[in-house]
Amino acid sequence: MSVEEVKIGVYVCHCGKNIAGVIDPRKIAEFASKLPGVVVARDYPYMCSEPGQALIEKDIRELRVNRVVVAACSPRMHEPTFQGVLARAGLNPYLLEMVNLREHVTWVHGDDPEAAEVKAKELVSAGVERVARLEPLETERIEVVQNALVIGGGIAGIRAALNLANAGFKVYLVEREPSIGGKMAKLDKTFPTLDCSQCILTPLMVDVANHSNISLYTYSEVESVEGSPGNFLVKIRLKPTYVDWSKCVGCGICIEKCPSRVPDEFDEGLRQRKAIYIQFPQAVPRKAVIDPDACFYLTKGVCRVCERVCPAGAIDFEQEPRYIELKVGTIIVAVGFDLYNPVKLYEYGYGRYKNVITGLQLERLSSAGGPTGGKIVRPSDRKIPKTVAIVLCAGSRDKAHLEYCCRIGCMAGLKHAYYIKTSIPDAKVFICYTDMRSFGKGYEEFYSRIRSMEDVYFVRGRPMEIFELPDGTLQMDVYDQNSNRMLKIEADLIVLEVGVVPPKGFEELRKKLKIPTSPEGWGLELHPKLKPVEITTDGIYLAGFIQGPKDIPDAVAHGGAAAAAAITFMSKGYIESEPYIAEVNEELCSGCGICVPMCPYDAISIVEREGRRIAKVDITKCKGCGACAGACPSGAMQQRHFKDSQLMPEIVALARGI
Amino acid sequence: MCSEFEPRIIVFACNWCSYAAVDLAGTSRMTYPPHIRIVRVMCSSRVTPEFVLKALAEGADAVLITGCHPGDCHYISGNYKTLRRYLLLKKTLDQMGLGDRVRLAWFSAAEGERFAQFIKEFVKDVRKLGPLSGGR
């Protein structure tokens, strides 16, 4: 250890008025200048700006400052920034301590400036105690595997996979359904341009299937994830399809002959599919799958009709789940969303009244490939509806259900009015809205266009309750805030634009990947503005709806951004190893082994050294949690940068106060 | 002069969840009493009993250990180790009459509001307990 004299520089940031609006940074700097070991203390309006950084660099070079305290924002925000400053000035970047004056003091104690000032001084004082004892750390370069895993084959996952593959990276795309395509494949048209959804999506699906850099695993799920950023080891479970896809040509003869029928998920339950099925006509891959819960042979032991009729001999009832292991450098999570369960909106009668449907069901009714061949009818008697009510915010913006906006319902509702008016020109359409949110490019214009259509009525209010009349017609009362009147609407068909929730299974997946979530359950990005696809773990990125509600343009942009982040991470070729690893003081270690089971990564072993048992840390496995150091009874096991000798003085300073 | 007792509370926060929750409380401009002092560690499992005892011995009136929710630990299982260690420590502290002054709580990175609320309550509780050192 060097015996160089500790020379601390303290830099107090005003952060504009974020800090200086509550406390006086000059006073904090003045206080800091008198603390032991401090040779210089300065304040500056924006320490992270170019001149602010230059200030620190200059002091390191000219005043020989060898420890730096930056009292500014959270280390989670700018620690890397200031570590860079130290490195540029030739100082080891780990000789830095960030004191969090903004998030932990001025932003939360604006109501008590006096107490805030005392707290700021105490935090700076503790930071000075700690920084004096920090030691330079070295890291090693670890090679990054040049492959990516994309989980979810909806539009965001497809975009991310294609961008990665086009950039020259090998991509594994995993989708749990038999086909890729996601929710977008179910849509008839997309707002506001009214592009045919299939026409813009299916070519991309085909590109995915044909791309030499993409390996597609549909009907598959992520079983487990191990390893670390740059070197993830992922186990994929390929669910049994009971059809040998290398033989299946997708002719569909088996489907014709299959005697078992169940509601078709792809058509949102509006028609039946067989137990053996191809998910939809444009499916990629276009291969048959046997639903084991519906197949007569697999549930009751008799039938095997498909096996007899298959000209390719592809049916294989002996199939078991298969597992494959993939080594990847990065993982993109693009698992999309589910609709909120509309049955929970009891007053709207979904599930009890046949003619109350969801917007996604209307998409299927309007779609040429849908159950009615594109003819919009009401489900109860297949009659053409003459009056249709569209209810926006069904479950959204409602504290009893989902507090947040679904971000797609308003525009989808307008689009659905368009479907009805073009399919049934003499129909009357009522749109019950809360606020019309037409925020995107071309959205307001689309709203104006629908608004000017004949017999489309905009009602500002939410229906109180929906009742069914004996003939299946529906009745509802809604208070229209625009006209200040109670309206009684009789409708043949009511379309609910239902709210959105994280998809089924995300809770288990996010635990495997350690993805933090917001209270609503969506993936939590590292920073809403600056790091919209990153999460706390490097090398794992969110893409599309799973980070929070998005329409298609935003989901595609987000998927592209996630791919760019993954490419950036991989193309550097290496990452720095964990600096805050554990180390053993061999003199103190008695080889008791308490630390061994503490380590979640099996990085510690007990070895013989000169006739003594001592603990040894495998630095390639250590991830730097410090659990071993927390358990060591003798203090022999220490975590670099978080040693007892570094934390204790900080704790004492904070406990004593000034 | 009989002013209200202003407690001093040391809070250990893990880098990934609870420290982020404290940051979020700030970013969201929540307010809570200024009596807490945060010590950042990478994982709550780094917190040794000595840290807690030292804090109490040196002037803190209470200690709060925080980490990720069970199952969400960035290091797989660190928070379970923290929990086990905390329960053992608490037995000792109870015997010394200090059990109410040391708490363990989980905060996800998104629970800034919950953190602020928790601190309000905790400060209230510690006020009721009174100063540990008989007042400084």
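1. The radius of gyration is taken over C-alpha atoms, and the globule rule is 2.2 Å times the number of residues to the power 0.38. For the 136 residues of chain B the rule gives a value near 14 Å for a compact globule, and the 15 Å of chain B agrees with that. The C-alpha trace of chain B spans about 50 × 35 × 20 Å along its principal axes.

2. This is a predicted model, in which local features need pLDDT of at least 70 and side-chain atom pairs count only at pLDDT 80 or more, while totals for chains, interfaces and linings use all residues. Residues are numbered from 1 along each chain as its sequence is written, chains are lettered from A in the order in which they are written, and side-chain values use heavy atoms, with hydrogens and water left out.

3. Chain B has 4 helices and 4 strands, in the order β-α-β-α-β-α-β-α from the N terminus. Helices (H or I, at least four residues) and strands (E, at least two) are DSSP runs, numbered from the N terminus.

4. Of the 136 residues in chain B, 64% are buried (under 20% relative accessible area, 1.4 Å probe, protein chains only).

5. Tyr433(A) and Phe458(A) form an edge-to-face aromatic pair, 6.2 Å centre to centre with 70 degrees between the planes. Rings of Phe, Tyr and Trp (its six-membered ring) pair if their centres lie within 6.5 Å; planes under 30 degrees apart count as stacked, over 60 as edge-to-face and the rest as tilted. Tyr433(A) lies in strand β22 and Phe458(A) in strand β23 of chain A, so the pair ties together parts 25 residues apart in sequence.

Conventions
Buried means under 20% relative accessible area, exposed over 50%, partly exposed in between (1.4 Å probe, protein chains only).
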